[in-house]
Amino acid sequence: MRGILVGVLALMLAVAVLPVGDRGAHAADSILTDVLHRGTVRIAITTGAPPTRFEDENGTLQGYDIDIATLLAKQLAVTIEYIKTDTAGRVAMLQTKKADITIASFTPNLERLKSVGFTDPYLTDVLTLMSRTDRKDLGSLADFNRSEVKIAIARGSTAAKAIATYAPKATIVEFSGNADTIAALDAGQVDAMCSGAWAAARGRPGSRRTDRVTAPWGSPISICGC
Amino acid sequence: MGLSDLNLRVLIPYLPVLGWGALRTLEVSALAIALSFPLGLVGALMRLSDNRFARSIATVYVEVVRNIPLLVVLYILFLVLPLYGIPINALTAGVLGLAINSTAFTIEIIRAGFAAIPAGQYEAARSLGLHRLQMLRLVIVPQVFRIVLPTLGNQIVSVVLGSAVASIIGVSELTYETQSIGSSTFRYFELFTIAALFYIACVQAISLLWRLLTGRAAHAPLGT
């Protein structure tokens with residue numbers, strides 16, 4: 001197995017609940033009250049990231065995050081209305097009150113805490129860098145730290161910060177989600193992609209030439225806690 | 001969060017990035033227009049030609065391309081072509097995709113312009129002994145341009161605005177930069193407001209350039 005990449009940051013998958021912003025605890029009360037009154041909780045999610053959240057052949061949402069959402073709704077005794085969005089759209093959905101909460105790989109960090117509130121993390125993941133097996137020139141982290149190396153990330157993910165820290169010279173290309181970053185990697189439009197290891201390491205039926213192998217990169221670092 | 005929280009000042013550090021994005025938008029749009037307008041003229045002439053082969057090629061092109069969303073064209077260029085060994089970078093794919101799309105509409109615009117020229121103009125040109133190319137160059141095309149200019153102006157606007165779609169394949173134009181900054185600052189309200197202003201400026205800039213380039217043609221005399 002030709003190792004390509006790489007684990008970095010401990011990435012906490014968290015449920016972001018309730019925009020706090022300038023209103024704090026009051027907002028928390030009112031959103032919960034709203035949800036209970038309405039009898040429906042509106043949950044912003046991203047899809048296309050098995051095994052945590054994806055649509056099966058019938059278009060039904062499946063995965064670990066979806067299970068958490070189902071359990072949450074069951075305990076609140078409300079129904080769920082899913083709002084599909086992209087990685088960057090999650091906070092915007094909360095800010096514009098189109099969604100009550102979001103459940104999707106979502107690392108709590110200080111920047112985001114200024115706009116939204118997080119629950120305790122329920123899953124820990126690491127970031128990985130991944131490239132195609134035919135790119136034998138990309139092995140160690142230093143190989144990626146060149147301006148001609150393009151790394152695809154999902155816009156709004158914490159991968160941008162990790163790359164800025166660990167491979168600052170690399171060129172970041174943003175896409176709307178990991179389905180696109182994988183497709184871009186497959187097509188050879190980028191040299192690597194950076195995402196959570198769960199999303200990266202899953203087997204991909206229909207994958208053409210990318211036999212992706214990940215290897216640890218740096219030491220896992222917890223960048224946040226809630 | 002609402003209008004009362006609108007705080008444009010937080011975005012001042014990002015203005016240069018948005019400016020570069022706007023320049024990239026201008027670049028992509030200008031290239032796509034520069035490609036699609038001449039191709040549109042050629043395509044329109046093919047659609048109107050007596051040669052059945054040329055006519056069907058142009059007709060099929062228009063009917064196929066006009067019915068595919070720009071987004072899908074971009075994905076095909078950017079993600080599918082490389083799988084078949086055709087390397088194409090994001091910027092090229094963006095420009096080509098816009099040009100392919102815009103050419104289809106331009107063909108129809110220019111064809112409509114030709115259709116608006118009275119038959120008497122052709123007859124008059126022929127009776128003066130002009131051969132076919134001379135007739136087109138000296139008599140018909142200048143009048144066609146006069147007729148289609150306002151509609152081509154609309155097409156320019158739609159190319160500039162359509163270039164926003166290229167953000168999806170990673171062309172770092174205005175919408176790409178806007179979303180990118182938004183994903184780290186979460187100041188979407190302010191950002192999209194500023195992006196809208198930048199787009200107005202971009203469209204105005206390209207339209208002005210277009211008017212300067214076509215100033216004389218716009219006042220060509222029209223025959224009846």
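Student: How many salt bridges are there between chain A and chain B?

Tutor: Zero salt bridges are counted between chain A and chain B in this predicted model. A pair qualifies when a side-chain nitrogen of Lys or Arg lies within 4 Å of a carboxyl oxygen of Asp or Glu. Over all chains, the count by this rule comes to 15.

Student: What makes A:R38 and A:D100 a salt bridge?

Tutor: Their side chains meet at 2.9 Å, N to O. The cut-off is 4 Å, so the pair is called a salt bridge.

Student: What holds for polar contacts across the interface of chain A and chain B?

Tutor: The rule finds eight residue pairs in polar contact there, both residues at pLDDT 80 or more. On the side of chain A that touches chain B, the residues divide into nine nonpolar, six polar and 11 charged.

Student: Which elements of chain A supply at least two residues of that side?

Tutor: They are α3 (89-95), α4 (110-113), β11 (171-175) and α7 (178-186) of chain A.

Student: How do you know which residues of chain A and chain B are in contact, and how many are there?

Tutor: Heavy atoms within 4.5 Å make a contact. On that basis, 26 residues of chain A are in contact with 23 residues of chain B. The two chains bury about 2000 Å² between them, and 52% of it is on carbon and sulfur atoms.

Student: What does chain B consist of, helices or strands?

Tutor: Chain B has eight helices and zero strands, in the pattern α-α-α-α-α-α-α-α along the sequence. Its C-alpha trace spans about 70 × 45 × 25 Å along the principal axes.

Student: Why are α1(B) and α7(B) called roughly antiparallel?

Tutor: The axes of helix α1 (residues 15-48) and helix α7 (residues 174-185) of chain B cross at roughly 155°. Angles over 145 degrees count as roughly antiparallel, so α1(B) and α7(B) are described that way. Their axes come within 7 Å.

Student: Which residues make the contact of α1(B) with α7(B)?

Tutor: From α1(B) come B:V17, B:L18, B:G21, B:A22 and B:T25. From α7(B) come B:L174, B:E177, B:T178 and B:I181. The residues of this contact divide into five nonpolar, three polar and one charged.

Conventions. Residues numbered from 1 in each chain as written. Chains lettered and ligands numbered in written order. Heavy atoms only, no water. Buried area = accessible area lost by both parts, 1.4 Å probe. Polar contact = N/O pair within 3.5 Å; in protein donor to acceptor, adjacent residues only side chain to side chain. Helix = DSSP H or I, 4+ residues; strand = E, 2+ residues; numbered from the N terminus. Nonpolar A, V, L, I, M, F, W, Y, C, P; charged D, E, K, R; others polar. Axes fitted to C-alpha atoms, helices over the stretch in contact; angles between N-to-C directions. Parallel < 35°, antiparallel > 145°, perpendicular 65-115°, else oblique.
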